[in-house]
Amino acid sequence: MDAAGLTGRLDWEKQGLLVPAVVQDAATLRVLMLGYMDRAAVQATCDTGHVTFFSRSKQRLWTKGESSGHFLELVSIDVDCDADTLLVLARPHGPTCHLGRTSCFPQAPANFLAELDALVAARDRDRPPGSYSTRLFEGGIRRIAQKVGEEGVETALAAVAQDDDALLGESADLLYHLQVLLRARGRSLEDAVAVLRERHNGG
């Protein structure tokens, strides 16, 4: 990432050589925290791939996770229209908040499907005993695909029967099993969303 290009686009004089940086989870889009960056923090963030701030209390550069190990892995940085605020997308490695919470904003909204996808990925990786997801993964692709087919048919039947409660319930089942199927093939729901996004942008 071009740190020089970023720093050159920012209006450093407006706020005393510091700019606020809003950090979002790249997967769920949940707002994780707000910090401040100076030129050196932007440079360090781009150079190391770990989101780094200028600590106003410590009066020095501070890399999130330097003591806890809960780093924020940089994905991208964007500059707002007034050139005085940064939007940082990152992958959190552990809770962001010093209170042990995912976000410094307890009620910050997020994309639940992305959170569920991360949970499904963890179930595939860890295979905890007693988990329904574990049973699905251990049953193999054919069994998972069969479940997706069953849920697809049940969703369609609920729609034809005009039973909204059943339609919503079966749709939820279908989405979950589709996530498991994608993960079993080494893909994710975001990969499918990327195809939709490409079609939308191209059409």
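This is a predicted model: local features need pLDDT of at least 70, side-chain atom pairs count only at pLDDT 80 or more; totals for chains, interfaces and linings use all residues.
1. Numbering starts from 1 along each chain as its sequence is written. Local features need pLDDT of at least 70 and side-chain atom pairs pLDDT 80 or more, while totals for chains, interfaces and linings use all residues, and side-chain values use heavy atoms, without hydrogens and water.

2. Now the largest pocket, which has a volume of about 410 Å³. Of its 16 lining residues, Ala27, Ala114, Asp117, Ala118 and Glu190 are the closest to the centre. A pocket here is an open set of points on a 1 Å grid over the protein atoms alone where a 1.4 Å probe fits, with protein on both sides within 12 Å along at least five of seven lines; lining residues have an atom within 4 Å of a point. Points are joined across faces, edges and corners, and the volume is the space filled by probe spheres set on them.

3. Where does the largest pocket lie relative to the domains? Domain 1 and domain 2 both give residues to the lining, so the pocket lies between them. Helix 3 (112-126) and helix 7 (189-202) are the elements that give two or more residues to that lining, and helix 3 gives the most, with seven. Helices (H or I, at least four residues) and strands (E, at least two) are DSSP runs, numbered from the N terminus.

4. By class, the lining has ten nonpolar, two polar and four charged residues. For the bookkeeping, Ala, Val, Leu, Ile, Met, Phe, Trp, Tyr, Cys and Pro count as nonpolar, Asp, Glu, Lys and Arg as charged, and the others, Gly among them, as polar.

5. Ala114, Leu116, Asp117, Val120, Ala121 and Ala122 are its buried residues (buried is under 20% relative accessible area, exposed over 50%, partly exposed in between, with a 1.4 Å probe and protein chains only). Helix 4 (132-139), helix 6 (164-184) and helix 7 are included in what covers them.

6. Leucine 32 sits in strand 2 (residues 31-37) and is buried, at 0% relative accessible area. Beyond its neighbours within four places in sequence, its contacts (heavy atoms within 4.5 Å) include Val23, Leu72, Pro92 and Phe105. Threonine 102 is another contact of leucine 32; the two are 70 residues apart in sequence and 7.0 Å apart in space, C-alpha to C-alpha.

7. Two backbone angles to look at. Leucine 29, in the loop between strand 1 (19-25) and strand 2, has a positive phi near 65° and is partly exposed at 46%. Arginine 127, in the loop between helix 3 and helix 4, has a positive phi of about 50° without being a glycine, and its relative accessible area of 30% makes it partly exposed. Most residues other than glycine have a negative phi.

Methods
Domain bounds come from an automatic or database domain assignment.
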